[in-house]
Amino acid sequence: MFQIDRMGRKPIYEQVIEQTELMIASGVLKPGDQLPSVRALSQMLSANPNTLQKAYAELERVGITASAPGNGRFIGKDAKALIQERMLDLLADVEHLSAKMHVAGIEKAQVIAAVEKGYAHNPKTVLQPEKGQST
Amino acid sequence: MIIANNVTKRFGDIVALDHLNCKIPDSCVYGLVGANGAGKSTFLRLASGVFQPDEGSIKMNQLPVFENSDIKKRSVFIADEFWSLPRADMKRMADLYAAAYDTYDYKKFHALAGEFGLPVDRPLNTFSKGMRRQAAIIHALSTGADVYFFDETFDGLDPVIRSLVKKKLYNEVFDRGATVIVTSHSLRELEDTCDQLALLYKGGIVMESDVNELKTSIFKMQVAFLDEYDKSKFEGLDIVSFSKLGSVATLIVRGDKAKYQKKLSAMEPLLLEMVPITLEEIFVYEMEALGYVFGKEEDEHETV
């Protein structure tokens, strides 16, 4: 389920968190779904269990997952809402970018067309892990 | 837990370790990096009880390691060159290991040899270098020890085997709380493998950190502004390194990425790019701060 990019700069820790959030946002993971155990994930990704443990702890800290002792970790009820909330913060970036486009003399219709195009994507295909810069 | 307290080790005039202090917690993968001759191997040999420190102490679970067979049974050293009895095969070496480690697990040994695809009754001197290394790792994993010392052992394994060895080690770490201490020159590899990292320089540890913290608390950014500017524009940022080429500045900064992102976006930059830093970059900057340029020291040795 996780696609770890080892050549990129992004630490595995962040990649696991990011991809879990994306999978929840797109509905691949639903509330109540169980996450793989640290041990299983460590074998799957050939990644340090302590690193994965920390990524899981972070997801739990922000309330995206909850763990039931002895039963594993599950996606929380409000996970999607939490992630959406955080995404709303990015609206400021959209605004900022639009302002820049405006200054540069790009037609409003073109910007809106780009937004339309973004929304036309199938949410499940946007899941590819973000590539880290290789400079 | 391994604690080194003011450890000094000399070989004649050479001071290999100079008042080294470190704490290696249980169940972690601890990476040790440093230039050639920084004292990595010496440290491993002290921690595994092969050498005795000239000054200071090195303790595992609060007990001195040197000449302490009970403690030494709890650790295993995998050297870059696997020593074996003349004409011995892996089975015979298993007996030798079992004589030293009463926790040696023959079942595990055979299972691992099968998984790695190594013949247990072929003389070891017919093995290739990489195969001998694998044999050493299989024996080590079968000892049931709590602490594994890998002295540049990963560097000579092919990617498939490396991944398999890592998976096996991660299981030991997760299931039994084993500790793995690795030295390597492949920072890229250590970055993915370890959770703790230490930088050795001239016989002392100059930096010790949690890898995730290191990677999330320090980052690189490229920024450009329309107007002329200099370093003073970034006042308030914890800058580790600053360089400017034309209108583009490259900064290495410590701190909260999201906060900096906000702060700098508000300054209306032409370009703002923040990328996580690689370990290699961190070490180059840290070493530069210490007055060391990678590769320089070796060159000097050659010209002497």
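Guide: Chain A is split into domain 1 (1-79) and domain 2 (90-121), with bounds that come from an automatic or database domain assignment. Their centres, taken over C-alpha atoms, are 32 Å apart. Before we go on, this is a predicted model, so local features need pLDDT of at least 70 and side-chain atom pairs count only at pLDDT 80 or more, while totals for chains, interfaces and linings use all residues. As for labels, residues are numbered from 1 along each chain as its sequence is written, and chains are lettered from A and ligands numbered from 1 in the order in which they are written.

Now to where the chains meet. Chain A puts 18 residues into the contact and chain B puts in 19 residues; two residues are in contact if their C-beta atoms, placed from the backbone, lie within 7 Å. On the chain A side, the elements giving two or more residues are α1 (12-25), α2 (38-45) and α3 (49-61). Helices are DSSP runs of H or I with at least four residues, strands are E runs with at least two, and both are numbered from the N terminus. By type, that side of chain A has five nonpolar, eight polar and five charged residues. Here Ala, Val, Leu, Ile, Met, Phe, Trp, Tyr, Cys and Pro count as nonpolar, Asp, Glu, Lys and Arg as charged, and the others, Gly among them, as polar.

Over to chain B, which holds eleven helices and 14 strands. Its C-alpha trace spans about 75 × 45 × 40 Å along the principal axes. Of its 304 residues, 38% are buried, meaning that 20 or more other C-beta atoms, placed from the backbone, lie within 10 Å of the residue's own; 12 or fewer makes a residue exposed, and anything in between is partly exposed.

Chain B has domain 1 (2-211) and domain 2 (214-289), and 38 Å separate their centres, taken over C-alpha atoms. Domain 1 of chain B gives ten residues to the contact between them, and domain 2 gives seven residues. On the domain 1 side, α7 (187-193), β9 (196-201) and β10 (204-210) of chain B each supply two or more. That side divides into seven nonpolar, one polar and two charged residues.

Strand β1 (residues 2-11) pairs with β2(B) in the antiparallel sense over seven bridges; two strands pair if DSSP finds at least two bridges between them. B:Lys9 stands opposite B:Leu17 of β2(B). Two residues lie between the strands of this hairpin, where B:Gly12 has a positive phi near 60°.

B:Ser27 is not a glycine, yet its phi is positive, near 50°. It counts as partly exposed because it has 18 C-beta neighbours inside 10 Å.

Next stop is helix α1 (residues 40-47) of chain B, where six of the eight residues are buried. Those are B:Lys40, B:Thr42, B:Phe43, B:Leu44, B:Leu46 and B:Ala47. Just after α1(B), B:Gly49 has a positive phi of about 85°.

Finally, there's B:Arg87, in the loop between β6 (75-78) and α3 (90-100) of chain B. It also isn't a glycine, and its phi is positive at about 60°. B:Arg87 counts as exposed because it has 10 C-beta neighbours inside 10 Å.
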